[in-house]
Every structure is written in structure tokens, then in C-alpha cells.
Amino acid sequence: MNNPFQIQPELRYGAPVCDEILTGRYFTIGYSWYFRQAKWTLEIINRNDYLLTEADRMNNFRADVRIPKRFRAGLRAYVGSGYDRGHLVASANNDILEIQNSETFLLSNMSPQKPNFNRRIWRELESAIRKLNDQEHILETYVLTCPIFYFDKKIETIGDNEKEYGINVPVPHAFAKSVLAEDDKGKLKLWTFEMENKELDGAIEDYLAVTYDVEQIVGCQFWDRVSGGDLHEQKKTPNRIWDY
């Protein structure tokens, strides 16, 4: 069976185009060889009885050997860069099994993030999505995460082309999370966030965005296996956060 859409449950409602699909045990990465990082990640949030603590995290950051060295980040690219190895699929969303948590520390699941972004509002958004998923009437919560590059802005890179460091890794200007929740009546609800890669003030709902606009910026369609008419209104007008 060669079609990942038939075997990966998180791809049930579709996945954007990418250079290579990396199927994991518990989530899927759509990789960009050009940007040396994920173009997107897709996951189904686990309904857990507890949240992972910092002490419980595997923290075994490592290169993803499924990607040729010429097109993947190595650990040294981040050394002294001033950027965090920012999770796209959150570690705390995958804390049932050690191997499950370990996979989130593959560098294919990382993008360079400003520390005061990664450790603050990005973490708040991840936590808020888990709280949405914990609502009793929510059956499943799908999360699509995408680095964003604004082509009218200069792109910074970390690492260098010297052998000991490996390749240059472009730093995203922003990140998007598109959250699709399915409730116990089979209804789908959509929220899409766009956040610049810097320290941000305000609440996470301040960064709700028009999904169609974010699709255009990222350069792909979100949730393309859902009939267009069924999500059209929600894609053109943001819902209020967790509006159920």
C-alpha cells in the first residue's frame, strides 16, 4: 500500500503538497528540501490524563536520517545561533510512549524559533489546543503546523556551508497552526492562527487569521479532502476561539 492517506489517520482530511512525506508512528511531516525543514506537520492530539513535564521529556534532539545530509539540519546548525529548536508537533502532545515522545525530537520536526516566541505564546497556543481537545464533546483534534516565509522580507539563515556545521537553515518569519476539531455530532470546526517569529504581546486569539489568506502565504491548501463548500465559510471568516 503506497498511498499514505490510506494508512495515516492524521491525513484523513488531507495534507498540503510537499517535497517528501515522512510518515511517523504518531504524526506525519511534509518536508521541504529547499527550506531544509518541514513545510508542514500533521497530528491528531492525544487525549492524555496528564501533561508532560520538562523533566519527563526525552530531549534526544537528533537529525532525521531519512533525509539526505545535503538537505537536513544538524544539531550544530543551532549552536550559538540565538534560536531555539522549536517543535512543530509539540512534545507534550505525544507523551504516552517513550518512542512517541522521542520522535518529536527529530530535527525534521524543528524550525528555528526566537526563544521569547517559542517559550511563551507558542507554548500557550499548544496548551490551549490540548484544552480544546480535552472537552468531552470533542472526538478528535487535528493540527496542521506550517513555517511561513514572507518573500518580501530578507531571510536569515543559521548554520553555514562548512563541513562541521552542515547546511544553511532558513529562519521562518512566522508560523501557522490550523486546528480542525471534530465533535460528537460529526461537525467540523476550524481555527487558523498566524504568528510572527518574535516576542508577541496579547492573547492567542489576537492571532486568529483568515484561513484562505494563510493558505495563499504558505502556498498550499489546508484540509483539501474536506469538500470545499463544507469549510468555505469558516475558511473566509475566522471563528471565535474554541467557539462551541
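Buried means under 20% relative accessible area, exposed over 50% and partly exposed in between, with a 1.4 Å probe and protein chains only. The model is predicted, with local features requiring pLDDT of at least 70 and side-chain atom pairs pLDDT 80 or more, while totals for chains, interfaces and linings use all residues. Residues are numbered from 1 along each chain as its sequence is written, and side-chain values use heavy atoms, leaving out hydrogens and water.

**View 1. Salt bridge between lysine 235 and glutamate 215.** A salt bridge is a side-chain nitrogen of Lys or Arg within 4 Å of a carboxyl oxygen of Asp or Glu. In this pair the closest N and O atoms are 2.7 Å apart. Lysine 235 belongs to helix α5 (residues 228-236) and glutamate 215 to helix α4 (residues 211-218), so the contact ties together parts that are 20 residues apart in sequence. Helices (H or I, at least four residues) and strands (E, at least two) are DSSP runs, numbered from the N terminus. Lysine 235 is buried, at 8% relative accessibility. Glutamate 215 is also buried, at 8%.

View 2. Glutamate 233 and lysine 236 meet through their side chains, with an N to O distance of 3.5 Å. Both residues lie in α5, three residues apart, about one turn of the helix. An α-helix has 3.6 residues a turn, so residues three or four places apart point the same way. Glutamate 233 is partly exposed at 48% relative accessibility, and lysine 236 is partly exposed at 39%.

View 3. The side chains of arginine 66 and aspartate 64 form a salt bridge at 2.7 Å, N to O. Aspartate 64 is buried, with a relative accessible area of 4%, whereas arginine 66 is partly exposed at 36%. Elsewhere, Lys153, Glu196 and Lys198 are linked in a network of salt bridges. The count for the model comes to ten salt bridges.

**View 4. The buried side of helix α4.** Thr211, Val214, Glu215 and Val218 are buried in α4. These residues lie on the same side of α4, because they cover an arc of only 105° around the axis; the arc is that of the directions from the helix axis to the C-beta atoms. The elements covering the buried residues of α4 include β3, β6, β9, β10 (188-196) and α5, where contact means heavy atoms within 4.5 Å. Just after α4, glycine 219 has a positive phi of about 95°.

**View 5. Strand β6 and its partners.** Nine of the eleven residues of strand β6 (residues 138-148) are buried, leaving the strand mostly covered. Two strands pair if DSSP finds at least two bridges between them. Strand β3 (residues 37-44) pairs with β6 in the antiparallel sense over four bridges, and glutamate 43 stands opposite valine 143 of β6. Strand β9 (residues 174-183) runs antiparallel to β6 and is joined to β6 by ten bridges. Threonine 141 has alanine 181 in β9 as its bridge partner.

**View 6. Strands β4 and β5.** Strand β4 (residues 84-87) and β5 are antiparallel and pair over four bridges. Histidine 87 stands opposite methionine 110 in β5. From strand β5 (residues 110-113), Met110 and Pro112 point one way and Ser111 and Gln113 the other way, and all are buried.
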